[in-house]
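Q: I am new to this structure. Can you show me how to read its features, one at a time?

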Amino acid sequence: MSEERTPKACPCRGSGLTAARREEIVDACAQLYEEMPFKDITLLKIGERTSFTRTSIYNYFQTREEIFLALLEREYRAWTKELDALTEAKFSADEFPARFAELLEHRRCMLKLLSMNLYDMEAGSRLEELTAFKRTYGKSMQAVRRCLMAHTRATDGEAEEFLYAFYPFLIGLYPYAEVTEKQRRAMELAEVPYRSCTIAALTRSLVEKLILPYAKE
């Protein structure tokens, strides 16, 4: 459940001091997310990892969910930067699926948030914070499109189809690749077959199939 206060105006996102303080709060959130589940992370615990009190955090974020949304936005910005670098890189056409997939191997935080906590983050954030996130999300889609069209023979229409197949795939990627021992044991007891795969391997397999009609020779 969101920890909320009566809404008040927050400092401008773009000011230097505010940006630095927001980043410190997001860093603390990221550290905690590596150590404990989303549901156990509170504004109090985040405040304990920063130079702020819980009350001071409200000057920059109204809810815990807004902090997590800012973390996810930061992850998308980093991925977009990597995609842009891949777009400019020179390599053989058959290397594209593997190189593209490898980028996601380093974006585990993004994939985990996307698959497990997106609804709560969006529901618990103010419209202006959600809109800022959606802009960054949209830029990542543009970056994927540019990268695809730089390294394949995809048309605009084919690139569009790729996006609408690939982005839903991202939502289920982390839970399949990162299976707990309890989940593995349950699969065994239920006699459900499971093949262990990495994030990169799953992504590469999908991308190879999607681009087959327009891959460069």
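The dialogue below goes from the fold to the domains, the helix contacts and the salt bridges.

Q: What kind of model is this?
A: This is a predicted model.

Q: How many helices and strands are in the chain?
A: The chain has 11 helices and 0 strands. Along the sequence, the pattern reads α-α-α-α-α-α-α-α-α-α-α. The C-alpha trace spans about 60 × 50 × 25 Å along its principal axes.

Q: Which domains does the domain assignment give?
A: The assignment gives domain 1 (13-61) and domain 2 (65-212). Over C-alpha atoms, the centres of domain 1 and domain 2 are 25 Å apart. Domain 1 puts 16 residues into the contact, and domain 2 puts in 17 residues.

Q: How much area do domain 1 and domain 2 bury between them?
A: Start with the general idea. The size of an interface is often given as the accessible area lost when the parts come together. Here, domain 1 and domain 2 bury about 1,400 Å² between them. Of that area, 66% is on carbon and sulfur atoms. The count of salt bridges between domain 1 and domain 2 is 3.

Q: How do I read a pair of packed helices?
A: Two packed helices are described by the angle between their axes and the distance between the axes. Take helix 1 (residues 16-35) and helix 4 (residues 64-88). Their axes come within 9 Å and cross at roughly 90°. Angles from 65 to 115 degrees count as roughly perpendicular, so helix 1 is roughly perpendicular to helix 4.

Q: Which residues of helix 1 and helix 4 meet?
A: Helix 1 brings Arg-22, Glu-23, Ile-25, Val-26, Asp-27, Cys-29, Ala-30 and Tyr-33. Helix 4 brings Ile-67, Phe-68, Ala-70, Leu-71 and Arg-74. By class, this contact of helix 1 with helix 4 holds 9 nonpolar, no polar and 4 charged residues.

Q: At what angle do the axes of helix 6 and helix 9 cross?
A: The axes of helix 6 (residues 108-116) and helix 9 (residues 156-177) cross at roughly 105° and come within 8 Å. Helix 6 is therefore roughly perpendicular to helix 9. On helix 6, the contact is made by Arg-108, Leu-111, Lys-112, Leu-114, Ser-115 and Met-116. On helix 9, it is made by Leu-170, Ile-171, Leu-173, Tyr-174 and Pro-175. The contact of helix 6 with helix 9 has 8 nonpolar, 1 polar and 2 charged residues by class.

Q: How many salt bridges are counted?
A: Side chains of opposite charge can pair when their charged atoms come close. The count comes to 20 salt bridges.

Q: Which residue forms a salt bridge with Arg-22?
A: Arg-22 pairs with Glu-129, and their closest N and O atoms are 3.3 Å apart. This pair links distant parts of the chain. Arg-22 is in helix 1, Glu-129 is in helix 8 (residues 127-151), and they are 107 residues apart.

How values were computed:
Residues numbered from 1 in each chain as written. Predicted model: local features only at pLDDT ≥ 70, side-chain atom pairs only at ≥ 80, totals over all residues. Heavy atoms only, no water. Axes fitted to C-alpha atoms, helices over the stretch in contact; angles between N-to-C directions. Helix = DSSP H or I, 4+ residues; strand = E, 2+ residues; numbered from the N terminus. Parallel < 35°, antiparallel > 145°, perpendicular 65-115°, else oblique. Contact = heavy atoms within 4.5 Å. Nonpolar A, V, L, I, M, F, W, Y, C, P; charged D, E, K, R; others polar. Domains from an automatic or database assignment. Buried area = accessible area lost by both parts, 1.4 Å probe. Salt bridge = Lys/Arg side-chain N within 4 Å of Asp/Glu carboxyl O.
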